[in-house]
Amino acid sequence: MDARSVEELLSQLARAQDSETIRNITSTLNTQVYASPECIPALVQVISTSTMFEVRQLAAVELRKRVSKWWLKVDESARGPIRAQLLQVVLSEQHNLVRHAIARSISSIARIDIAENKWPELLTFLNQASSSGTVAHREVGIYCIYTLFEVIAEFLMNQTAHLFELFSKTIVDPESQEVRATTVLALGKLAEFIDPEDKDNINAFKQMIPAMVNVLEASLKENDDKNAREIFEVIENLFMLDTPFLSDHLAELIRFLLTVASSHELDDSLRELALNSLMWGSIYKQSKIKSLKLVAPIIESIIPIGTEEDPEDVDDDSPSRTAFKVMNALASNMPPQQIVPIMMPIVVNYMQNQSAGHRKAAMMSVAVIIEGCAEYISTMLKEILPIVCAGLQDPEMIVRRAACMALSCLAEELPVEMAEHHQAIMPLVFNLLNDTNPEITKHACNALDPMLDGLEGEVLQYLPMLMEKLIWLLDNAQQTDTKATALGAIGSAAHSASEGFQPYFGEVMPRIRNFMSATNGSDEALLRGVATDTAGAIAEAVGAEMFRPHTQDFMNLAIEQLTLDSPRLRECSYAFFSVIAGVFGEEFAPFLPTIMPAILHSCKAEESNEPNLETEIDLTVGDDEDDDIDEDDLSGLNFNSAIADEKEFACDALGELFENTRSHFLPYVDESLQALVEATGHLFDGVRKASLGSLFSYIKTFYSLSSNSDWVQGLPVSYPVHENVQKILQLAIPTVLTMWSDEDDRMVAVQICKELIQALKLMGPCVVADHVQDISDHILEIFEKRSTCQETYDVEDVVDEDEEAESESLLIAAAADLVAALCETIGQGYMSFFNVFLPLITKYYKSTKGPGERLMATGCLGECVGGIKSGVTPHTEMLLQLFLKAAGDEEETVRSNAAFALGVLVKNTETDLSQQYPTILSVLHPLFENQNLPGTTDNASGAVARLIIAHPNAVPLDQVLPVFLNALPLKSDYAENEPVFECLFHLFRANNPFVMGHIPQFLPIFSSVLSNEEQLGDATRAQLIELIRALNAQSSELNLASTELGRFL
């Protein structure tokens, strides 16, 4: 093959201006040059002799691509000279881009030859080049080593001692920043292949960290943006790796990154890279950052960055926006005790600053930490809300907008707590809805949306004014976003108002229909999607009768959306189908044949991204060419989030549709079940959550379809379980356990626990009959912080268990609740596991733990005791002391749980605790007065009842019963009516003087509990009616026939 003709073709290709010429030359190259192994020596010759650097570069790029296919088909005798020629030409090449392309060609050949020991002189050459007195040679040598890590890393890992010796010199090269920077990149590659247990290499690498940071600092000072960006990528990767390379120098590195992030002399994009590194550090090195007490310095340094101006486009990054991402990462991964107390004084101070940027930063700081610190913040609402309310009234638009975001986050994470403050908040939001700035109107609607969701019946007082304003915005707002948020707020108002929304139905629905009919452009698609969601919320609110005349029309519109080539509209349709099925139940079944094919198609859809236009597009590759990169290596990256969102909603809809259409859905069960099982392994956590929820919906629906009797505690299962239920359990539970083993998202693991708990409470021990050991092993992993989703990546650090991120606390609480559910359903057969879990749960009740952990421990243990019954006997003394202490806890909810736990312990233990009654009664007595939560006194009443039932003679009834009577009827925790009335029945049967002397006082209590069917179980209700009849027969002077109780006689 004539190298000159190849050079001429490549020269024409390099100069070509139009696509037709490029296509023709490419075709000629593919058919006449690249179709033969002779292209290899020809391309090497072009690289060596062409006078045009563009042609030399193109030849080197093409050589790299052709090596994998043709190198071994080049004659053996020709390969040696080619290798030598490439090594010679890479040293003599003056153009940097060409040198890099040749180096990658050398790496492609080395990938093949080194494994066969065919190129032993390569490493000698690279060592000599990297140590040469000529700068250009050193640059070539170190760059070649860097590229070799991409193809023969395992071979190079046998040379680490020599490499560290070489790198320690090249990283401080006296003449070339290029050598120093490329050394850092090579070290970044080396780090990926060092085993976390390889202490020698880890220690050698740790010694390089200061020099690596020095190179980055020099790159920044010399305005070498390209190398600085690449080195930041190395640092981000070091943060993410399990191996503790950074531990010895983490404090210095964090301070350096904070200095860079705070420097106004640097380009904003470089500051953002420093902040991104801090964000990854907050996630992957959380334990080390905590132990080094770096959380406060990070917060104190990045909040000032948040005062800077933001770009107008909300999608554009900036240092201030990236700083808030760091805050969010800190709040999500660090204990709230280390975040909120540091941040709040700064927030208070900034809110008093004359600079609007400072006040904006204060509001945004509150907004971004709420998700990760919600429980902690819930105890501080009285301090935080006035600050947010001040922000909502700020004269500057950027502050009001940020305050709206803070309010929205508070309402979303703490709906119940925020609803209690509606009288202070809602007038301020109404004022913002009237703001002249459309941006503020939009953000006010955004804040209004979650606020309305939590208001429930309280929304009715605001509805007339609210609906007038929202409908005006629908008709008159100029911004599509504002109309969309107003639509969403109408949906939330309907959700809260329920049937109270009916007066607005006729006015709103034509507008909703109009938006749902739009088909042109992205703006219309946005409105159509939100309108679909709102239509569903309204249907759910007003009920089947009012919505029925509109059902077919709106279903047609939602079905039409399935054909509009929009994943977002399809997900809105699937959510709408789910809601309408919930409203109409089995009446929805005729729509199934129309909608199920689309839903199943979405469940099985493959996420395939559009081509990335920023990557190199190879115009010269023919259809038969192999690429150097294995396609399997890229399959995990082939991910489209819009399709994943659609799949999430489709998976979720399956569970809703089966649950509501019941037996009509059976023809679709097998195919959809298979799709759900496959989706449990999806990359996107939303899809995994949805498929998990639907799997359990299938289980519970099959159970409700079978003629089930009440479940019976204990294993083996001693109650009938329908064959269909057994089959779905045999498929679904192993799938869930496999998913649990690999699950890296804490909130998905929390959902697994919660789904199992709900299924156990509905169906009993049949749910876990064959899997008790596996489930208990998973729970143990959580308590011992060994589960996949608890990996902190700080392999050398001890975790401080007294202060944990809230997501960790939620996971522990869910695992504890699952232990309680297993005790309740399996009973004493679960004792061997309970004995293991007991010390792991009790350690969460101590003074260093937060109120949430103490609440979890007392609640869980009380439920466990109720389940294992007399099995608790060996642990009686230890639990008694814990519960007695908890009954005096500073938190009322903990005291309430402790009262319940004391009662069930006394009732179930075989140890005679009558000697302890004076102590127990003394800690229960304060719970009968001045309590803020009605459930506290209810639980104390239940506990006293259980004490009387267990040992009536040990209770000073003349002192206890007046207090007991005064607490009745129970106010909120009606489950405690069971022991209360069992105790009363016992006292009446024994003709206790106090109860017999206070019958008139008991009659209103009896009347109250009988008037509400939810307050008593059937058996207790029947016994109470029997008691009333007996009292009527014994004491005609009570004249019960003329009272409300007369109807029970």
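The model is predicted, so local features need pLDDT of at least 70 and side-chain atom pairs count only at pLDDT 80 or more, while totals for chains, interfaces and linings use all residues. Residues are numbered from 1 along each chain as its sequence is written, and side-chain values use heavy atoms, with hydrogens and water left out.

The annotations are a friendly place to start. UniProt, in an unreviewed entry, places the feature "domain: Importin N-terminal" at residues 26-92; UniProt positions follow the numbering used here, feature names are shortened, and annotations may be inferred rather than shown by experiment. This span is 81% helix and 0% strand, and its end C-alpha atoms lie 29 Å apart. Helices (H or I, at least four residues) and strands (E, at least two) are DSSP runs, numbered from the N terminus. Residues 163-201 are 67% helix and 0% strand, with end C-alpha atoms 11 Å apart; for residues 384-422 the figures are 82% helix, 0% strand and 15 Å.

Next comes helix packing. Two packed helices are described by the angle between their axes and the distance between the axes. Axes here are lines fitted to C-alpha atoms, for helices over the stretch in contact, and angles run from 0 to 180 degrees between N-to-C directions. Helix α1 (residues 3-15) packs with helix α2 (residues 19-33) at about 155°, their axes 9 Å apart. That makes α1 roughly antiparallel to α2 (angles under 35 degrees count as roughly parallel, over 145 as roughly antiparallel, 65 to 115 as roughly perpendicular and the rest as oblique). For helix α5 (residues 76-92) and helix α6 (residues 96-113), the axes come within 10 Å and cross at roughly 150°; α5 and α6 are therefore roughly antiparallel to each other.

Aromatic rings complete the picture. The whole structure holds 22 aromatic pairs, counted when ring centres of Phe, Tyr and Trp (its six-membered ring) lie within 6.5 Å; planes under 30 degrees apart count as stacked, over 60 as edge-to-face and the rest as tilted. Phenylalanine 658 and phenylalanine 665 have ring centres 5.3 Å apart and planes at 25°, so the pair is stacked. Phenylalanine 665 also forms a tilted pair with tyrosine 668, at 5.7 Å centre to centre and 50° between the planes. Ring pairs link Phe658, Phe665, Tyr668, Tyr698 and Phe702 into a cluster.
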